[in-house]
Amino acid sequence: MIETVRGDITEQRVDAVVNAANSSLLGGGGVDGAIHRKGGEEILAECRALRASKYGGGLPTGQAVATTAGRLPARWVIHTVGPVWSSSEDRSSLLADCHRNSLRVAAELGASTVAFPAISTGVYRWPVESAAEIAVATVKEELRDSSLTLVRFVLFDDDAYGAFSAQL
Ligand code: ADP
């Protein structure tokens, strides 16, 4: 099942919440800042360990990796790096990769329920209607053959909520 809600990603009681991270994995603004602020030091400590091991050069755009969710109500945070919007280059497949890879990581962890923010639509400036179309189509396709039971898109404002709801 796929649903949309208006709300804050840090308050979701799901197995895994997806973070619209940047490739440094060391925090930023928007969703990333909110997750680290509310989730606490434990998340950053695991991100630092990832930078010191598997992701020395940072997490590449489109890929996903999990950490603890620290003090958030969720059990895991799945960090993924969205593409920055470009009007001259089609980066849609990278935005689809974020959703696909996040759901694959979630399934590997044994999660059943996952919440996504509107990846790339903030600081990375992706037009929200386009982001909604790519996100929902990718999740629908990925859920066809998956152990996941719920994907919830958590939208911060009316525009994003309207755009994502229109795709369902
Ligand atoms: P990106 O860098 O991938 O663009 P941002 O975090 O800047 O990511 O923004 C992604 C989207 O998340 C934006 O639409 C923004 O309004 C929204 N957003 C910001 N804070 C939260 C939050 N706490 N919960 C859910 N969505 C949020």
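The model described here is predicted. It contains 3 aromatic pairs and 0 disulfides.

**Aromatic rings**

- Trp85 pairs with Trp126: the ring centres are 5.1 Å apart and the planes meet at 75 degrees, so the pair is edge-to-face. The cut-off for that label is an angle over 60 degrees.
- The two tryptophans are 41 residues apart, and their pair links distant parts of the chain.
- Trp85 sits in the loop between β4 (76–81) and α3 (92–109), while Trp126 sits in the loop between β5 (113–116) and α4 (128–143).
- One aromatic cluster is made up of Phe116, Phe153 and Phe164.

**The loop between β4 and α3**

- Ser88 is found in the loop between β4 and α3, the loop that also holds Trp85.
- Ser88 is exposed, because its relative accessible area is 72% and the cut-off for exposed is over 50%.
- Met1 and Ser88 are 87 residues apart along the chain, and 35 Å separates their C-alpha atoms.

**Cysteines**

- A disulfide is a covalent bond between the sulfur atoms of two cysteines.
- A disulfide needs the two sulfur atoms within 2.5 Å.
- From the side of Cys98, the nearest cysteine sulfur is that of Cys47, and Cys98 is in no disulfide.
- Cys47 is buried, with a relative accessible area of 0%.
- Cys98 also counts as buried, at 0% relative accessibility.

**The ligand**

- Ile9 uses its backbone: one of its backbone N or O atoms lies 2.9 Å from a nitrogen atom of the ligand.
- Thr121 uses its side chain, where an N or O atom is 2.7 Å from an oxygen atom of the ligand.
- Gly122 has a polar backbone atom 2.8 Å from an oxygen atom of the ligand.
- The ligand exposes 570 Å² when taken alone, and the protein buries 89% of that area.

Notes:
Residues numbered from 1 in each chain as written. Predicted model: local features only at pLDDT ≥ 70, side-chain atom pairs only at ≥ 80, totals over all residues. Heavy atoms only, no water. Buried < 20%, exposed > 50% of the residue type's maximum accessible area, 1.4 Å probe, protein only. Phe/Tyr/Trp six-rings, centres within 6.5 Å; stacked < 30°, edge-to-face > 60°. Helix = DSSP H or I, 4+ residues; strand = E, 2+ residues; numbered from the N terminus. Polar contact = N/O pair within 3.5 Å; in protein donor to acceptor, adjacent residues only side chain to side chain. Areas by Shrake-Rupley, 256 points an atom, 1.4 Å probe, with all protein chains shown as cover.
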